[in-house]
Amino acid sequence: MLPKEDAKRGLKLLAEAGMRKINFAGGEPFLYPAFLGELVRYCKEDLHLESVSIVTNGSLVKEKWLETYAKHLDIMAVSCDSFNESTNMLIGRGKGTHLETFVNLSQLCRKHNVKFKVNTVVCRYNFDEDMNAGIEQVAPFRWKCFQVLVVPGENDSSATLRNAQRFVISDEEYRSFCEKHDHQKSFVPESNAVMKSSYLILDEYMRFLNKGVKEATKSILEVGVPAAMDNVYWDDESFARRGGEYDWQKEEKKEDPSLDF
């Protein structure tokens, strides 16, 4: 992981190149809560980005962190692949308390004026589940449902850090999940067809990743953003097709005028 000042320098370069929104993901970003909090604050207060968001599994998020940094955060996306705890454990999501943590976080986000988003990876173990009741209970502003994706060299075999082959579903199985849930107003499907190369992703060394296409670029700290972007394969049409631009800013809480003295 980069030193904090190098990370800030990279973020400043991105903002100067036109970045409007940033999403901190992982891994698990809350493994380093103070580091994460300072970068969230910097992006909003110093760089004045339109939107700052975090993707987390929720297990390490503390209310104390939200009390300090929620004012700088627009969106928190929390992973939830099933409303059956046994299914979550089968997938590898927690040890039996994930749903309790997930529901609690939905409440904390509302309490601290952070937009609550849900990320679901549709896979072999949950594609036939009806998640409607659970989603209606937590009422996210956005529910992103990804078709599980196998990336060559990253999660495609026992030789890689993760092996997603046992999770793979057919396009038809993914469509069946979508048809069951597409009446939810927050529902946003993301199939393999639109997911590939529709994100601009940097790793912890500020290198753009070309997942499944070619090697990572050189770090923007070394060559700058324009030179790095020249070596990125980014499908802007798929970005638009998956709804890459949306209502990503939270509304600031209005003070009750009756409390003015």
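The partner of Glu 63 is Lys 111: the two form a salt bridge whose closest N and O atoms are 2.7 Å apart. Lys 111 lies in helix 5 (residues 98–111) and Glu 63 in helix 3, so the pair ties together parts that are 48 residues apart in sequence. Lys 111 itself is exposed, with a relative accessible area of 52%.

A few notes on reading this tour. The model is predicted, so local features need pLDDT of at least 70 and side-chain atom pairs count only at pLDDT 80 or more, while totals for chains, interfaces and linings use all residues. Residues are numbered from 1 along each chain as its sequence is written, and side-chain values use heavy atoms, leaving out hydrogens and water. Helices (H or I, at least four residues) and strands (E, at least two) are DSSP runs, numbered from the N terminus.

Side chains of opposite charge can pair when their charged atoms come close. Here a salt bridge is a side-chain nitrogen of Lys or Arg within 4 Å of a carboxyl oxygen of Asp or Glu. How many salt bridges does a search of the whole structure find? The search finds 15.

Another of them joins the side chains of Asp 247 and Lys 115, at 3.4 Å from N to O. Asp 247 lies in the segment after helix 11 (236–241) and Lys 115 in strand 4 (residues 115–122), so this pair ties together parts that are 132 residues apart in sequence. Lys 115 counts as buried, at 16% relative accessibility. Salt bridges that share partners also join Lys 8, Glu 38, Arg 41 and Asp 46 into one network.

Within that group, Arg 41 and Glu 38 meet through their side chains at 3.0 Å, N to O. The two are three residues apart in helix 2, and so are separated by about one helical turn.

Strand 2 (residues 51–56) is mostly covered, with six of its six residues buried. Ser 51, Ser 53 and Val 55 point one way from the strand, while Val 52, Ile 54 and Thr 56 point the other way.

Two strands pair if DSSP finds at least two bridges between them. Strand 2 pairs with strand 1 (residues 21–24) in the parallel sense over four bridges, and Lys 21 stands opposite Ser 51. Strand 2 also runs parallel to strand 3 (residues 75–79), joined by four bridges; there, Ser 53 has Ile 75 as its bridge partner.

## Helix 1 beside helix 2

The axes of helix 1 (residues 4–16) and helix 2 come within 11 Å and cross at roughly 30°. These axes are lines fitted to C-alpha atoms over the stretch in contact, with angles from 0 to 180 degrees between N-to-C directions. Helix 1 and helix 2 are therefore roughly parallel to each other, a label for angles under 35 degrees.

Technical notes: Buried < 20%, exposed > 50% of the residue type's maximum accessible area, 1.4 Å probe, protein only. Parallel < 35°, antiparallel > 145°, perpendicular 65-115°, else oblique.
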